[in-house]
Amino acid sequence: MTTTQAKQDQPVLDSNRYIWTVDLDPIKIKLMDPTDGVGWSRAKAEEVDVEYRRFLKLNLDHKPGAPPIVPTKDVDTFWHFHILDTMKYAEDCGAMFGRFLHHFPYFGLRGEEDKRNLSEAVSATKLAYRKAFGEAASGGETASCQAGC
């Protein structure tokens, strides 16, 4: 899974600060719910919260034309739950990116070339992550790599 981006007419106000301070507790509470969420523990939700914020930061720093940023499965799940709160997600995207950060859930599933492109994007994401944060990402397999990236 990856992102495509569409411009909106919203200024970016200290995006880096916003990424690290935005209130994501409602998303974590929903994820921890065993019925309406996925039943994560508080510790798991907190761990993935950090990884999700790092994913957002990588998207903020993403250069046009570079391979897209690919989330881990856990980060993708967190992202899905953030997107489901449509008003909050739209507001947060405007504050972080000045545009809506779209989710494209078909990357790697549209044939062999697309699968190779996903594999390249996964490698590029891992490299960008290590460069930005000085360590490998936690959380395991990337979201779209069920077919073997």
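Student: Which element gives the most residues to the lining of the second largest pocket?

Tutor: In this predicted model, the second largest pocket holds about 180 Å³ of space. Two elements, α3 and α6, each give two or more residues to its lining. The one that gives the most, with four residues, is α6.

Student: How do the lining residues of the second largest pocket divide into nonpolar, polar and charged?

Tutor: The lining includes Leu 58, Ala 66, Pro 67 and Ile 69, and also Asp 61, His 62 and Lys 63. Among the other lining residues are Ala 124, Thr 125, Ala 128 and Ala 132. Taken by class, the lining divides into seven nonpolar, two polar and two charged residues.

Student: Is Leu 118 buried or exposed?

Tutor: Leu 118 has its place in helix α6, which covers residues 112-133. Because buried means under 20% relative accessible area, and the value for Leu 118 is 0%, Leu 118 counts as buried.

Student: Which element supplies the largest share of the largest nonpolar core?

Tutor: The largest nonpolar core has 25 residues, and Tyr 52, Phe 55, Leu 56, Phe 78 and Leu 101 touch the most other members. At least two residues of this core come from each of α2, α3, α4, α5 and α6. The largest share, six residues, comes from α3.

Student: How many residues are in the other core, the one with Leu 118 among them?

Tutor: This other core lies apart from the largest one, and it includes Phe 107, Leu 118, Ala 121 and Val 122.

Definitions and conventions:
Residues are numbered from 1 along each chain as its sequence is written. This is a predicted model: local features need pLDDT of at least 70, side-chain atom pairs count only at pLDDT 80 or more; totals for chains, interfaces and linings use all residues. Side-chain values use heavy atoms; hydrogens and water are left out. Buried means under 20% relative accessible area, exposed over 50%, partly exposed in between (1.4 Å probe, protein chains only). A nonpolar core is a set of buried Ala, Val, Leu, Ile, Met, Phe, Trp, Tyr and Cys residues joined through side-chain atoms within 4.5 Å. On a 1 Å grid over the protein atoms alone, a cavity is a set of points where a 1.4 Å probe fits but cannot get out, and a pocket is an open set with protein on both sides within 12 Å along at least five of seven lines; lining residues have an atom within 4 Å of a point. Grid points are joined across faces, edges and corners, and a volume is the space filled by probe spheres set on the points. Ala, Val, Leu, Ile, Met, Phe, Trp, Tyr, Cys and Pro count as nonpolar, Asp, Glu, Lys and Arg as charged, and the others, Gly among them, as polar.
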